[in-house]
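Thanks for coming, everyone. I'll walk you through one structure today, contact by contact. Please bring it up on your screens.

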Amino acid sequence: MTADTATNLDEAIIRSAENTADLIKRAREAVHGVIFGQEAVVDGALITLLSGGHGLLVGVPGLAKTKLVETLGVVLGLDAKRVQFTPDLMPSDILGTEVLDASETGKRSFRFVRGPVFAQLLMADEINRASPRTQSALLQAMQEYHITVAGERHDLPKPFHVLATQNPLEQEGTYPLPEAQLDRFLMQIDVPYPDREDEKRILLFTTGAEEAPARPAMSVEDLLGAQRLVRRLPVGESVVEAILTLVRSARPGETPDLAGKIAWGPGPRASQALMLAVRARALVQGRFSPSIDDVIALAEPVLKHRMALSFAARADGESIEGVIGRLARKLG
């Protein structure tokens, strides 16, 4: 590649990044026209989608998790569907099933009826309320972007994203997600209570005669283009080393002052998730290259569902958030 070719390529990436950053800014404003406050939550969801991944929204009921996913579907122009997970939900209720059809001549044949998983944005509401058998129905879809029914492969739409919600309080009658499925989520986004001013806005704007509807700000093609751009944004060597250092230090036996405190830690998929997420965060904030600050900011949502503490560490009052915070501060 000649110097002129490289320069033209860099200029093309910069122009594309500028246009995409403008689109993302409009999308953020459109989301905040419906979802008041919760900047970190909205940015986390956008970062997840721009990275081409899936997100796990964790928060108590009534914090607009469902509303956020519905709003993102409208704002980003995605075909969105919702599944309410319950203990009696079956895999076929998500994936689809084969039905027996009879033609006018009497010939019988099976026809596949697609389930709600055939969407560009699937909301898995209260995902931990379904049985492990049903939860596992999403594993192949989330990782391989196709499903297999009766030996036949069925490709999912592009893009395909799962945004799942989970209530951290009411655990009776639930089935905790296995580590294999948790690892499929690019980020765990904790949804906190709104602050006083935001809650006041919620009261005033949602209890009147009319509510402001979500408005489209991007198209599917815009989102796919943004996802391709995220993978082309340059990442400095210092950021790459920071990602490797952080992820590896969160594994058992890698950090001396945490000896015996980490039961199991993140695998290479966490490094991949961080590499994509820091690029997407930079783009959301109008920058064209990530920094170590992005790694520190995204350490907790990318790692916390990919590691667990030992019994001894929990008995000593340690928390996953605290451990990740200590590891992240060493990068600064």
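Let's start with two helices. In H11, Ala270, Ala273, Leu274, Ala277, Val278, Arg281 and Ala282 meet a set of residues from H12. On the H12 side, those are Asp293, Asp294, Val295, Ala297, Leu298, Val302 and Leu303. What kinds of residues make up this contact of H11 with H12? Eleven are nonpolar, three are charged, and no polar ones take part.

Before I go on: this is a predicted model.

Now the geometry of that pair. The axes of H11 and H12 come within 9 Å. They cross at roughly 130°. That angle makes H11 oblique to H12. The crossing of H11 past H12 is right-handed.

H11 has another partner, helix H2. H2 covers residues 39-50, and H11 covers residues 268-284. Here the packing angle is about 120°, and the axes lie 9 Å apart. So H2 and H11 are oblique to each other. H2 passes H11 in a right-handed crossing. Which residues of H2 meet H11? They are Asp43, Ile47 and Leu50. Facing them in H11 are Ala277, Ala280, Arg281 and Val284. This contact of H2 with H11 divides into five nonpolar residues, two charged and no polar.

Look again at Ala277 and Arg281. Both are among the H11 residues that meet H12. Both also meet H2.

Most residues other than glycine have a negative phi. Glutamine 38 is not a glycine, yet its phi is positive, about 50°.

On to the sheet. It is open, with five strands in the order E2-E5-E8-E1-E9 and parallel pairing. Its edges are strand E2 (80-84) and strand E9 (187-190), each pairing on one side only. On average, neighbouring strands are turned by 20° against each other, direction ignored.

Let's zoom in on one pair. Strand E1 (residues 55-58) and strand E8 (residues 161-166) run parallel, joined by four bridges. Which residue in E8 stands opposite glycine 55? Leucine 163 does. Against this sheet packs helix H3 (residues 65-75). H3 touches E1, E2, E8 and strand E5 (121-125). Its direction makes about 170° with that of E5.

Next, a hairpin. Strand E6 (residues 146-149) and strand E7 (residues 152-155) run antiparallel. Four bridges join them. Threonine 148 has arginine 153 in E7 as its bridge partner. Two residues lie between the strands of this hairpin. There, alanine 150 takes a positive phi near 55°.

Move on to the loop between E7 and E8, where you find proline 159. A cis peptide bond joins lysine 158 to proline 159, with omega at about -10°.

Last stop, charges. Side chains of opposite charge can pair when their charged atoms come close. How many salt bridges are there? The count comes to 14. Take one of them: the side chains of arginine 306 and aspartate 183 meet at 2.6 Å, N to O. This pair links distant parts of the chain, 123 residues apart. Arginine 306 is in the loop between helix H12 (292-303) and strand E11 (308-309). Aspartate 183 is in the loop between helix H7 (179-182) and E9. And E9, remember, is an edge strand of the sheet.

Terms used. Residues are numbered from 1 along each chain as its sequence is written. This is a predicted model: local features need pLDDT of at least 70, side-chain atom pairs count only at pLDDT 80 or more; totals for chains, interfaces and linings use all residues. Side-chain values use heavy atoms; hydrogens and water are left out. Two strands pair if DSSP finds at least two bridges between them. Axes are lines fitted to C-alpha atoms, for helices over the stretch in contact, and angles run from 0 to 180 degrees between N-to-C directions. Contact means heavy atoms within 4.5 Å. Angles under 35 degrees count as roughly parallel, over 145 as roughly antiparallel, 65 to 115 as roughly perpendicular and the rest as oblique. A crossing is left-handed if the near helix is turned anticlockwise from the far one by less than a right angle, and right-handed if clockwise. Ala, Val, Leu, Ile, Met, Phe, Trp, Tyr, Cys and Pro count as nonpolar, Asp, Glu, Lys and Arg as charged, and the others, Gly among them, as polar. A salt bridge is a side-chain nitrogen of Lys or Arg within 4 Å of a carboxyl oxygen of Asp or Glu.
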